[in-house]
Amino acid sequence: MIDFELTDEQRLIHETARDFTDREIVPVARDNDRNERFDTDLVKKLGDMGYLGPIVSEEYGGRGLDYRTYALIVEEIGRGDSSARTVVSVQTSLVCSSIQRWGTEDQKHAWLPRLCSGEVLGCFGLTEPDTGSDAANLRTRAEKTGDGWRISGQKQWISMGNYAKVALIFAQTDPEKKHRGLAAFLVPTESEGFSSSSIHGKLGLRASDTAELQLDGVEVADDALLGDVGDGFKVAMSALDSGRYSVAAGCVGICQGCVDASVAYSKERKQFGRPIASFQLVQEMIADMTVDTEAARVLVWRAGWLKDSGRPSTTETSVAKLFATEAAVRNANLAIQVHGGSGYVDDYPVERYMRDARVTTLYEGTSQIQKLIIGRAMTGVNAMV
Ligand code: COS
């Protein structure tokens with residue numbers, strides 16, 4: 001049974017994350033957004049708090065928390081700033097959880113403690129200029145050498161790609177095998193032939209580092225392989241099971257931030273001699289936002305509960321991701337409406353919520369991909385080919 005009552009430990013972790021967000025993230029979010037600043041001081045603080053790998057076992061430097069408790073942290077950080085939340089999601093869900101699940105003992109000891117502390121950042125190199133939704137169809141190639149691999153290709157839209165010390169790179173080893181030829185590699189970014197460049201001009205997530213990666217014959221040893229040759233697609237999909245969950249939890253934070261900002265603004269803003277909170281049409285917007293927020297949170301909670309009980313959760317994660325990300329876009333749009341002209345400038349967080357929410361229905365699987373995953377699970381018919 002899902003229990004909605006937080007344990008004392010969960011309550012404490014939640015309150016700590018809320019205080020941290022209000023103290024360290026909210027005050028700098030606007031300026032970081034304006035200046036497109038990837039805030040390395042804030043990243044260090046996230047590491048110090050244990051937010052860069054909370055679900056990793058304590059043995060490897062994590063906090064050994066369950067998925068529901070992880071969601072409480074991610075929701076609060078997402079309420080503060082989605083760019084900071086992206087650091088937590090990528091580091092924890094895409095990179096650390098992949099190493100924890102697929103890595104050898106040596107790989108886990110080599111990378112996880114440093115990733116969890118924030119000493120090093122990691123990035124997730126799946127997407128390419130010509131490969132987005134069709135994730136199995138990678139152009140990046142890995143060729144066997146005597147005692148290792150030579151990797152060549154390009155990766156695009158890679159969060160933290162300019163700061164990462166390790167890149168989880170997905171490459172094709174044998175195109176005839178299609179998704180069963182893919183392999184995942186832990187590539188140190190200082191390797192010869194590895195380079196990155198920044199992508200600017202984004203609608204939102206402006207304080208998040210986004211890169212294009214170039215791999216020109218990058219040589220790695222056999223021990224860089226994560227999982228076996230042919231496991232690459234499963235490594236990617238299992239990472240996305242965790243990553244989509246984290247994005248969904250972050251979007252619950254955006255939803256809640258929209259409610260909080262709209263309630264506060266509607267009570268202080270007066271028109272026609274009364275606070276606008278007293279108008280039914282304003283209350284309707286706040287009610288709609290609240291319902292979306294609560295529903296998204298419960299869906300995230302259910303997906304987390306399945307993960308914590310070791311049950312399959314891919315479909316339920318897609319349900320949560322689809323609903324929470326679309327709800328965040330709806331809520332941000334309504335929150336701007338409640339704020340009127342003030343919502344259109346960055347004196348209030350709601351226009352940033354709108355810009356930041358918009359990417360969440362695109363990355364880690366578009367809303368359309370989530371619907372196809374859900375539709376396939378419901379019907380047993382694959383509509384993707
Ligand atoms: N965990 C582990 N293994 C998984 C898995 C999961 N969640 N989902 C699928 N697999 C395995 C399957 O078991 C199957 O294994 P076999 O080869 O042994 O049969 C294999 O992976 C292929 O699975 P499936 O048939 O579901 O793959 P599809 O090609 O149909 O997948 C989708 C298509 C659309 C689901 C996939 O390509 C996808 O999620 N695309 C979106 C990618 C994305 O999110 N990109 C954003 C990148 S991060 S910004």
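Figure 1. Valine 88 is placed in helix α4, where helices (H or I, at least four residues) and strands (E, at least two) are DSSP runs, numbered from the N terminus. The model is predicted: local features need pLDDT of at least 70 and side-chain atom pairs count only at pLDDT 80 or more, whereas totals for chains, interfaces and linings use all residues. Residues are numbered from 1 along each chain as its sequence is written, and side-chain values use heavy atoms, with hydrogens and water left out. With a relative accessible area of 0%, valine 88 is buried; buried means under 20% relative accessible area, exposed over 50%, and partly exposed in between (1.4 Å probe, protein chains only). Not counting residues up to four places away in sequence, valine 88 touches Leu46, Tyr51, Leu52, Tyr70, Val74, Ile77 and Ser93, contact meaning heavy atoms within 4.5 Å. Valine 88 and serine 246 are separated by 158 residues in sequence, yet their C-alpha atoms are 8.5 Å apart in space.

**Figure 2. Serine 93 and its polar contact with serine 242.** Serine 93 belongs to helix α4, which spans residues 82–102. This serine 93 is buried, its relative accessible area being 0%. The side chains of serine 93 and serine 242 are joined by a polar contact of 2.9 Å. A polar contact is a pair of N or O atoms within 3.5 Å; within protein, one must be able to donate a hydrogen and the other to accept it, and residues adjacent in sequence count only if both atoms are side-chain atoms. Leaving aside residues up to four places away in sequence, serine 93 touches Tyr70, Val88, Ser98, Ala239, Ser242, Gly243 and Ser246.

**Figure 3. Packing of helix α4 against helix α5.** The two helices α4 and α5 pack at an angle of about 155°, and their axes are 9 Å apart. This makes α4 roughly antiparallel to α5. Axes are lines fitted to C-alpha atoms, for helices over the stretch in contact, and angles run from 0 to 180 degrees between N-to-C directions. Angles under 35 degrees count as roughly parallel, over 145 as roughly antiparallel, 65 to 115 as roughly perpendicular and the rest as oblique. The crossing in which α4 passes α5 is left-handed; a crossing is left-handed if the near helix is turned anticlockwise from the far one by less than a right angle, and right-handed if clockwise. From α4, Gln91, Val95, Cys96, Ile99, Gln100 and Trp102 meet Gln107, Lys108, Trp111, Leu112, Leu115 and Cys116 of α5. By class, the contact of α4 with α5 comprises eight nonpolar, three polar and one charged residues. Here Ala, Val, Leu, Ile, Met, Phe, Trp, Tyr, Cys and Pro count as nonpolar, Asp, Glu, Lys and Arg as charged, and the others, Gly among them, as polar.

**Figure 4. Alanine 110 in helix α5.** Alanine 110 is found in helix α5, residues 105–117. At a relative accessible area of 35%, alanine 110 is partly exposed. Alanine 110 and tyrosine 60 are 50 residues apart in sequence, and 9.3 Å separates them in space, C-alpha to C-alpha.

Figure 5. Helix α1 (residues 8–34) packs against helix α2 (residues 40–48) at an angle of about 160°, with the axes 11 Å apart. The two helices α1 and α2 are therefore roughly antiparallel. Phe20, Glu24 and Ile25 of α1 make the contact with Leu42, Lys45 and Leu46 of α2. The residues of this contact of α1 with α2 divide into four nonpolar, no polar and two charged. Glutamate 36 lies in the loop between α1 and α2. The phi of glutamate 36 is near 50°, a positive value in a residue other than glycine. Most residues other than glycine have a negative phi. With 36% relative accessibility, glutamate 36 counts as partly exposed.

**Figure 6. Helix α9 and the elements that cover it.** Seven of the nine residues of helix α9 (residues 350–358) are buried, so α9 is largely enclosed by the rest of the structure. The buried residues of α9 are Val350, Glu351, Arg352, Tyr353, Arg355, Asp356 and Ala357. Their cover includes α1, α3 (67–80), α4, α6 (232–268) and α8 (314–339).
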